[in-house]
Structure formats: structure tokens, C-alpha cells
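Have the sequence and the 3D view open as you read.

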Amino acid sequence: MTETVGTARQGVGESAQRPDATLKVTGEFAYASDLWLDGMVWGVTLRSPHASAWIRSIDVGPALRMAGVHAVLTHEDVPGEKFYGLEHHDQPVLAIDQVRYQGEPVALVAADHPETARRAAAAISVEYEPRPAVTDPRAAAGDPSQPHVQPGGNILRRQPVTVGDTFEADVVVSGEYEVGMQDQAFLGPESGLAVPDGEGGVDLYIATQWLHVDRDQLAPCLGLPPERVRLTLSGVGGAFGAREDLSMQVHASMLALHLNRPVKMSYGREESFFGHVHRHPAWMRYEHGATRDGRLVYVKAEILLDGGAYCSSSPAVVGNAASLGVGPYEVPNVRVVATGVYTNNPPCGAMRGFGAVQACYAYESQMDKLAAACGLSPVEIRVRNAVSQGSRLITGQLIDAPAPLADMLRTLESMPLPAAADDRADLRDLPGGVSQTTHGESVRRGVGYGVGIKNICFSEGFDDYSTARVRAELVNGEPHVTVHTAAAEVGQGLVTVQAQIARTELGVDDVTVATADTAVGSAGSSSASRQSYVTGGAVKAACEAVRARFQGLEARAALEKFGPIEETREFRHRPTYPLHPVTGQGDSHTQLALCVHRAVVDVDVELGLVKVVELAAVQDVGRILNPLALEGQIHGGTAQGLGLALMEEIQVRDGRVVNPSFTDYLIPTILDMPPMRLEILENADPAAPYGLRGAGEPPTLSSTPAIAAAVRDATGLALARVPIRPEEIALL
């Protein structure tokens, strides 16, 4: 399984063709759900219907007696460690004596056919003793009488950031804000195939974001050394953070080793909602103080994040929310406290924007309030307080790379606005579309702005690196380069970028990017907008090492003289450090990225319907590696921000998810996504490979508050929660 990227010279800076593009458009691309092996059986997971309950007994007999059923496993059958976790091993492979959220895995079934496996799972008799569920994160954080979801209590992490001592100002605005639980909503549900190797080990073909951390969690649970658990990346149908945690990996591997035959597991859409983490819902209270001319004096903020039943990556999310909690603004006095809590709600973890999204919605809403209170425009208030190179974050960290935020805002403001709507507008351009809910008589237009700042790569002292192996050789008399990393291609175009770097560094057109697997050193996760930085850096370093062995010769001549040349290199970014637990000070981030958005919306104020007419964005990316792919990342991140602003929310009632389907959980379609104007800046970061700056996440931050601000502008309503619901904006 290899990816060969075209033979025409398409190096760094070119819109190189993606090798998977045609296959995905024509439906020929092989996703993990397409995996098949003769003799395989199907695995299914039995999940808890309760948000919180004791397990009194499990009777697997009825399932085992069904024809076609090969195995039924419970926690007693876990061959090794019974717990795993991304940051802390607090999550049971299968529930032992209790369940902490609806959907928690309780038992596994393997059968000849997936329907047989599902019927067998339903036949397992589990006696539950339901108990009161902790579902209000505010109570979990502040009420000591609440039951403990985890043995250590309900506080996951509390991170303050404190600067200065002046908390009085001429102009003061405050507000309380809420962000709902968003799902990553990738289109390819969790799937994988586990194949026993006949010698006690297992090969797992899996859609994931982080091959090595999967392996390092799996191996102890399977009772195997890491080298006996081999992972190969299969086709990934989107990720956005939800594939960082384990889902069916350990379950499929357990069944395969138990039966000594291949086992495939593939979730349906409903199970996918229960099988992965979501974006943390947030409750936030902010107070901004400024001089009369709009200069920030202080910010106070309380940020509460619901982590759900297990830890996942919540501590890191809390750290991001705290360190970036006032946005890209110069503020001399700060009191921020970010807190993550355990509840019996669905587990939450990584999602595009990773803690910065929630804070961004609140601080940008506050900046609009402050602008109005000071008699300034939304752009002017932001320009007057914008950070620049040489500024410091509220954590004391120096911004030592270009950060031209004021110029970005002026550029955005100068972009042409879309033409005004008229009575003859196409129905498809109006709120409600062809359903003919309106002909424009109750439609008002609004314009709003949003600014976001996002850290790139992992932070707070994490050993963040990637490994690349590059081999140059003659194939049929022509130079050929193979690049091998464990970096997960999850749809972002990483395979293409790796090949572009190899072509640029080695001057060889014919490049193959081998399928990612654990046969090479770790590349870390495809998250935090980090892969172009760290894996790109590793590929560049390995190519430079190969080129050095050419001894100044052209590739063909060097390979004719020396034969195949292979080099492996690791690449690490500069070190980061944990935030101080009391003051929140510290150089916790590697790189920072800025994006600004302007949204234009039409709102039917009688029916509460919103049509996003246009989105404009300015983003500084340091150096463009692939222009077309970069534009796609900005469009995609913006679309997810639009979804959070207007429609996407997992509805949880008493710990139970009530809308686990794409019928009831709404995501933007092509009809919801408006035209976009883009201005992409290149101000190189001197510390980064090629000067690049990670670009995938920042658009998700600033698009949401821009759209919300535009709806406020159209309606005159405060609107302190996203997603904005129709009943909240209908002016009856």
C-alpha cells in the first residue's frame, strides 16, 4: 500500500496534485470500512444505555448459544492491563463494575455476519443498578456534595493565569457565554481490521490520527510487547481530533487474538457518536475593562469545560483555553481561570481548535461589546489592542515571529462587501432557500468580525517530534525516492506535502510516499496543525542528509556511483514548558497563528432563519507549501466554525444523547457554505521549516464569532450562546 505522487516536478510552493483526489471523487478510494480478508468475522460492541450505573451481573449465555457466534468477551477476558487513556489510563477496556457514560463499552461479540453479531450483543443480559448522574458541570466544579465521577474528584485541571494588579477602568463590559457540544462529524465512521500473526502478535489496519500512541495503549492491554503490535494506516474518512483516542482498536485486537482469526469492526453512524470524544461544551464569564479610547486595562475570565466521564486530552485543552483565553490582544492585567471537570456526560477531547475555540467565542463577543461601549467600530477596537511581534501573551511568552494583526484587520475591512439583496433575489440566496419561507420581506442584513489566535504543535513540555526515513535509488535506471513516516493522512493533504518536500530537496521527480505504519519511528498525531511543521521538518532533514551523501553530484550520477542511499532523521521543534500552576506563566507554545474573518449574513427575523451570504478571511501562514490545499484548509476550517455558530450541537439530556444521527445532528452542506474571499499572507517564521505556520485550525476559531456578531448586527439581540437557535433570534 503506497502512494505515488505524479512525475511532473511539483515542489514546495506549487499546487501539486493529490494522489487520492481522483479516487475519492470517483468513489474508488479504499477507506478503512472497505477492508476485507477471507475468513474474517465481524466484531460488535455492547454499550451501556445508562449514564451512570453499577453493573451487578453479566450473562453472556444467550449470545453464545446463537448460531454463527464465535466469541463473547467481557472485562474478565482482557489479557493485560484493563485500563488505557490518551493522557491518563483511566478508561476501562470494557466496563468492570460500573459505567460512567451512556455508550460505555461493556462486552464484545464476534460472529459470521455483522447482523448476527448485533443480535447476539442485544441478547447479552446485563443487570444494571442506575445511580444519580453528575450532568451539570457547574455543580461538578463547585458543589462538593456531588458524587465523584472519578476517584480523585470531579476537577480534571484548574489553570489560572495572573498578571498585574489593576482591575478598575473607565469602561467596563461583562457577559456570560456558552458553547454547545460539537461533534467532529467525520464522514467515515470508525473501522478497522485486526489480523493475528500466528505467533501471538497482531497486525491492525486502522483509521487513526496517531499510530504509535494507539500501539502504546494497545500493547499493555493485550499483554504484549509493543513490537508484537503492528499498526498500518488505512483510508481515513476525516478526523478533526476524534481519532486521537482509541475506539475499536483494542476490541478488534482482543477478539482477533482470542479467536486466532481476522476480525473486522465498523461502526454505524449512531455508534460513532458514542464511540469517540467530542468538543468540550463551555460556560464562560468575562469582564473587560478599558480606557475611554478603547485601550484594554484588564480582563477577568472564568472558563469551565465539561470533560465528560474520562480524561482524554482535557488537561491540554484546559491549558490552551487558559493561555489563549483573552485572545491576541495586549492586556496588562489579567485574571483567568480555566477549569475542566468530570461529569457523566459523553467524554470530550480533541477537536479542531482544541480549547481555543470556546474562549475565542467569548472574548470576541466581549470585544464587540467593548467597541459599542467606547463608540468605536468592531475593527478599530481590535486594531488598537492588537498584538504584534514583540508583544507578550498573558503567560509572559514573547511573540518572536511576525504577527501583523492590525494590518490583517485593515486588509479585511477593505475587502469589498457583497452586493445588497433585492426583492428579485433567487430564493436559494435567501434564508430558508427553495422552501420559500420568505421572499425577503422580513430579512435583515448584518456584518460581523472575528479574530482568533491558535497555538501550533503540542505545548507545555510535550516531547513533540516526528521521524522520517528517506531512500533514494535507481529504479529502471531512473532516480526514485521513497519517503516513509508514521504521519497519518487524514484528508489534509500531508502525503502530497511530503512528496513536494522530497522533490524540492533532492531534485527528483519520481517520489513515492509509503503507507504510514509503526515500522518507522513515531510522527506524533495528525492534530494541532503540526504535521507540516514536524513531519515536514523531518522529511526535509532526512532529504538533506541524503543529499549530503550525493557529494555534489546530480541524483542519477550519485546513485550510479554509490547505489541506494537511505537516511532517517528525527525533527523536534524548540522546547516548550508547562504553565506555572499558580501564575500560569511560561513559554508553553511553539508557534502561534492568526486568522481574521468577516461574515455577512441575512436573517429572517420572523422565522429565525440565517443565510450566511459571504465569509472573508485573512490568514498569515508563514510560507505557502501548496496553495490549493491551503485554501481548502481555510475553507474547511471555516465551514466547521459556521456549523458551530448556527447548527451543530450534540443534545444531551440527563447524560443521554438524544440526536445521534445526521438526521438530527445538523452539519453544513454545500448549500450552507457561502462564497469566500481569501487573502493569504506569507510572513515567514524563522524558527519553522521553510518558515511555514500551521494553518488548519485558526479559521475554525474566528469564523464562529464573526458569524455570531453578524447575526447580532442584523437582529440587535445579545445572543450569548452558540449554536444560535432559530427561536433565539425570531423577533415575534
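Predicted model: local features only at pLDDT ≥ 70, side-chain atom pairs only at ≥ 80, totals over all residues.

**Ring pairs and helix packing**

**Tyr177 with Tyr361**

- The ring centres of Tyr177 and Tyr361 are 6.1 Å apart and the planes stand at 90°, so this pair is edge-to-face.
- Tyr177 belongs to strand E11 (residues 171–179) and Tyr361 to helix H9 (residues 356–374), so to speak distant parts of the chain, 184 residues apart.
- Tyr177 and Tyr361 are both buried.

**Phe273 with Tyr665**

- Here the centres are 5.5 Å apart with the planes at 65°, which makes the pair of Phe273 and Tyr665 edge-to-face, because the angle is over 60 degrees.
- Phe273 sits in helix H7 (residues 269–275), while Tyr665 sits in the loop between strand E27 (656–657) and strand E28 (676–681), so the pair ties together parts that are 392 residues apart in sequence.
- Phe273 is buried, with a relative accessible area of 2%, and Tyr665 is buried as well, at 0%.

**A ring cluster**

- Trp210, Phe458 and Phe462 are linked into a cluster by ring pairs.

**Helix H12 with helix H13**

- The axes of H12 (residues 494–506) and H13 (residues 531–548) come within 9 Å of each other and cross at roughly 30°.
- An angle under 35 degrees counts as roughly parallel, and H12 and H13 are therefore roughly parallel to each other.
- The crossing of H12 and H13 is right-handed.
- On the H12 side, the contact residues include Leu494, Val497, Ile501 and Leu506; on the H13 side, they include Thr535, Val539, Lys540 and Cys543.
- Sorted by class, the contact of H12 with H13 holds eight nonpolar, five polar and four charged residues.

**Helix H10 with helix H11**

- The axes of H10 (residues 378–385) and H11 (residues 405–414) also come within 9 Å, with a crossing angle of roughly 165°.
- That angle is over 145 degrees, so H10 is roughly antiparallel to H11.
- The crossing of H10 and H11 is left-handed.
- H10 contributes Val379, Glu380, Arg382 and Val383 to the contact, and H11 contributes Ala406, Leu409, Arg410 and Glu413.
- By class, the contact of H10 with H11 has four nonpolar and four charged residues, and no polar ones.

Notes
Residues numbered from 1 in each chain as written. Heavy atoms only, no water. Axes fitted to C-alpha atoms, helices over the stretch in contact; angles between N-to-C directions. Helix = DSSP H or I, 4+ residues; strand = E, 2+ residues; numbered from the N terminus. Parallel < 35°, antiparallel > 145°, perpendicular 65-115°, else oblique. Left-handed = near helix turned anticlockwise from the far one by under 90°. Contact = heavy atoms within 4.5 Å. Nonpolar A, V, L, I, M, F, W, Y, C, P; charged D, E, K, R; others polar. Phe/Tyr/Trp six-rings, centres within 6.5 Å; stacked < 30°, edge-to-face > 60°. Buried < 20%, exposed > 50% of the residue type's maximum accessible area, 1.4 Å probe, protein only.
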